[in-house]
Amino acid sequence: MYKFIALSRFYPSLACGTAWNFRASQLSMKTTTRILIAVAVALAASQAAAQQIDPDSEREMVQLVNAERAKVGLPALQVDDRLTTIAREHSQLLAVKHALSHQFSGEPDLRHRIVATGLRFNYSGENVAFDGNAQGAHQGLMNSPPHRANILRPEFLVVGIGVIRKGNLIYVTEDFAHRLQELAPEEAESAVVRSFAALRKSNGGSPLPLRKQAGLRELACDMARNDRLETDIARDIPNVSAVVVWTATEPQKLPDNLQKLRDKKASGWSLGSCFASSKRYPNPVWWNVAVTYY
């Protein structure tokens, strides 16, 4: 699946050129402590120098990915700095472990890593590889059908590529996502209203007057907190004839149960939307409650 470089070189676990040969009893505790601190600092500096972010290779791989997409008529992926940050962090783990994995012990999975950045998304994907250079890593990924599919997936709009150089190798993480438009609740509700009005118009129905209903948005947030859709949640609102609840990543896309109201006679309707995550939806979605009135 990945292109590897076979290594026969021995890497000692302690890259220190000074040999110590003495008994601890020959040193005072204070001196021993100072020596241990100095060794720890030297090791940390040595490791940091041996494992570095390679921004030139990152830019090259972005160019290579977008060149492949251009060949098949796909738009270029935009670089999202939030994805770049988590890609670099994962590549650092690849370099430390000298292994390929999408999730190491104690590390969140990709979806949760993206959620933690605040990026709004509904699709994601990841490629990992190591090689001697960016061109080799990219070619190895393109020669693998599942990784090629990520690079050429039409749904993806943004990418973050993290490259860590360690010795003669680079460790690469490519994180892809379909970034969603970042809307305020009022904007999301307006998108639903426009789509619903267009739906009724296309079916020959008259527009339904939109009524403000205090607390309906909070009821939508309650569903997120309870992690379930509840049609009974709005039954206590006076004169309600129908209740429709749903989740959506893109508010303008209406669910089937709301489309059934396209020709329903009603005196008006109300809507509340809340963007929130839950156990079932760790990447946040829009939780929606719509009611119609007699």
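A salt bridge is defined here as a side-chain nitrogen of Lys or Arg within 4 Å of a carboxyl oxygen of Asp or Glu. The model is predicted: local features require pLDDT of at least 70 and side-chain atom pairs pLDDT 80 or more, while totals for chains, interfaces and linings use all residues. Residues are numbered from 1 along each chain as its sequence is written, and side-chain values use heavy atoms, leaving out hydrogens and water.

The structure contains 17 salt bridges. Arg-217 and Glu-186 form one of them, at an N to O distance of 3.4 Å. This pair joins distant parts of the chain, with Arg-217 in helix H8 (residues 216–226) and Glu-186 in helix H7 (residues 185–202), 31 residues apart; helices are DSSP runs of H or I, at least four residues, and strands runs of E, at least two, both numbered from the N terminus. Relative accessible area (1.4 Å probe, protein chains only) classifies residues as buried under 20%, exposed over 50%, and partly exposed in between. Arg-217, at 31%, is partly exposed, as is Glu-186 at 43%.

Within helix H8, Arg-225 and Asp-222 lie 3 residues apart, about one turn of the helix, and their side chains form a salt bridge of 2.5 Å, N to O. Arg-225 is exposed at 54%, whereas Asp-222 is partly exposed at 23%. By contrast, Arg-113 and Glu-107 are both buried; the closest N and O atoms of their salt bridge are 3.4 Å apart. Asp-80, Arg-82, Arg-179 and Glu-182 are linked in a salt-bridge network.

Helix H5 (residues 134–142) is largely enclosed by the rest of the structure, because 7 of its 9 residues are buried.
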